Amino acid sequence: MELQASFCFLFFTFTAVFSLFSLSLFILRLKPCCNCDVCTAFINRSWAAEFVNLSDWYTHLLRKSPTGTIHLHVLNNIITANPDNVEYMIKTNFDNYPKGKAFSAILGDLLGRGIFNVDGNCWRFQRKMASLELGSLSIRSHALSVVVEEIESRLIPFFSSVADKDGDVLDLQDIFRRFSFDSICKFSFGLDPGSLKPSLPVSDLESAFDLSSKLCAERGLAPTPLVWKMKRLFNLGSEKKLKESIKIVKRMADQVIKTRRVTGPSSNNDLLSRFMGSISDDDYLRDIVISFLLAGRDTVASALTSFFLLLSQNPKVVEKIREESDRVMGTTLDTLASFGDLRHLHYLRAALHESMRLYPPVQFDSKFAEQDDVLPDGTFVRRGSRVTYHPYAMGRMERIWGPDSLEFKPDRWIRDGMFKPESAYKYPVYQGGVRVCLGKEMSLMEMQIASLSLIRRFDVRVVNPSQTLRFSPGLTANVSGGLPAVVRRRDVPE
Ligand code: HEM
């Protein structure tokens, strides 16, 4: 009894001292003595009186800044929307701007040594291997067949069933998250979670994966990492839940890998089968594949969700997409777009790019400076500072996109009737430079085919098209509360 009491006393004393220590470190790091307007507004959250999202406030500040760069002293965070700075960080002086240990720690329990979460040689090795695989024709055909199957057997039937129940409302974001989760799991693991089956089941893998990524993102919001690290140490609250959900994700991945080691690589060319040949360490293999799930799931769902909001606001764009597809694919709806068709669907590609300009799935992306440096616009970067480039703000900058920067105009991407890409440093939606997204072409293929399959068959009307989207904090832009929409069939020849 006495021993137990002493242990409790020691435990609480230790926790109290550690918490005080964390708090003082946090206060020191916050540099509360900075009373500049921006830091004061950040600390008081007074920005929230005028702006719906933190990203909207940053956009406002970045527009006003003559260099397109601001400094949030209290967070030791430089934020930039200046394309020259972006190019410098992610290409010219890439080695000085790794993701850094702070980021890796946040996602480390879920992603381990997976590509998304590492720097240096470990990243270089996976990057080389993954770029070779993703560039191959067989894996691109596999990706296409996964997406086509998911659309034909689940996405279109689901929309049809809602359209048949006149007046029923569906949550576009939820449906696109299910669609992209099934697709990325089949593509990476050859595993079908079936989350877009008609009953919309909640699969264990999906809920565990969702909870893990949400709770990891919440770690990033903690005032200091010491808070979540302490909770993890004592297995408390959200950290306990995180540990349990990561265990489920890893157990499922391990099972698939174990079975696959026995049966041999699958003939359908999923990523796991491709990587199995070069990697014998199964934990490492699992980390790599889980990174792909994280990278390829919410991003696609987020892009499709905001695309359908913008289409609801801009019916003329919908008409132009339909006209173009009728011209390229004919007016009957017996097949989905093929690779060949996609090459000619310039306006559709332009509309998707334009949508992600205004609503990039990854709204901002941070690196940590290894050494003191000076950005091209003259901003001094002290070693260890966090440097963030901000695609959301960049898409809304007049100095980059002109006076109509806030308007949804797919034609700004068209020259002589063809889609013309912009510089990745002006439009870093897929990052760009040395670490450009590896799933860029795959995601564009998936989003073009899926969105077109719906646009041609249905009228999709967001219930409240004039709303300002409110995003929940997280790694990817998620609309808080989802995006309800009404679906009706179009009268078209079958
Ligand atoms: C609209 C869809 C997508 C967008 C906007 C997007 C955007 C991005 C961005 C901004 C990054 C850089 C993140 C960082 O380094 O902090 C990234 C990295 C990555 N993306 Fe995507 N992504 C999309 C879809 C996909 C898909 C479908 C896949 C999988 C097939 C994928 C695989 C990856 C991988 C593996 C990386 C890490 C690359 C590296 O670190 O070298 N992405 N993506």
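**Close-up views of the predicted model**

**View 1. Residue classes in the shell around the ligand.** By class, 13 nonpolar, six polar and three charged residues make up this shell. The structure shown is a predicted model. In total, 22 residues surround the ligand. The closest are Ala-295, Gly-296, Thr-299, Cys-437 and Gly-439.

**View 2. The largest nonpolar core.** This core has 107 residues. Those that touch the most other members are Val-289, Ile-290, Leu-293, Leu-304, Phe-308 and Ala-450. With 17 residues, H13 supplies the largest share of the core. In soluble globular proteins, nonpolar side chains tend to be buried together.

**View 3. Contacts of Val-289.** Leaving aside residues up to four places away in sequence, Val-289 touches Ser-188, Phe-189, Ala-253, Leu-271 and Leu-272. Val-289 is among the residues of the largest nonpolar core that touch the most other members.

**View 4. Helix H4 and its cover.** Helix H4 spans residues 83-92 and is mostly covered, with seven of its 10 residues buried. The buried residues are Pro-83, Asn-85, Val-86, Glu-87, Tyr-88, Met-89 and Ile-90. Their cover includes four strands, S1 (69-72), S2 (77-80), S4 (365-368) and S7 (386-389). Helix H18 (398-401) is also part of what covers the buried residues of H4.

Terms used. Residues are numbered from 1 along each chain as its sequence is written. This is a predicted model: local features need pLDDT of at least 70, side-chain atom pairs count only at pLDDT 80 or more; totals for chains, interfaces and linings use all residues. A residue is near a molecule or strand if its C-beta atom, placed from the backbone, lies within 6 Å of it. Ala, Val, Leu, Ile, Met, Phe, Trp, Tyr, Cys and Pro count as nonpolar, Asp, Glu, Lys and Arg as charged, and the others, Gly among them, as polar. A residue is buried if 20 or more other C-beta atoms lie within 10 Å of its own, exposed if 12 or fewer, and partly exposed in between; C-beta atoms are placed from the backbone. Helices (H or I, at least four residues) and strands (E, at least two) are DSSP runs, numbered from the N terminus. Two residues are in contact if their C-beta atoms, placed from the backbone, lie within 7 Å. A nonpolar core is a set of buried Ala, Val, Leu, Ile, Met, Phe, Trp, Tyr and Cys residues joined through C-beta atoms within 7 Å.
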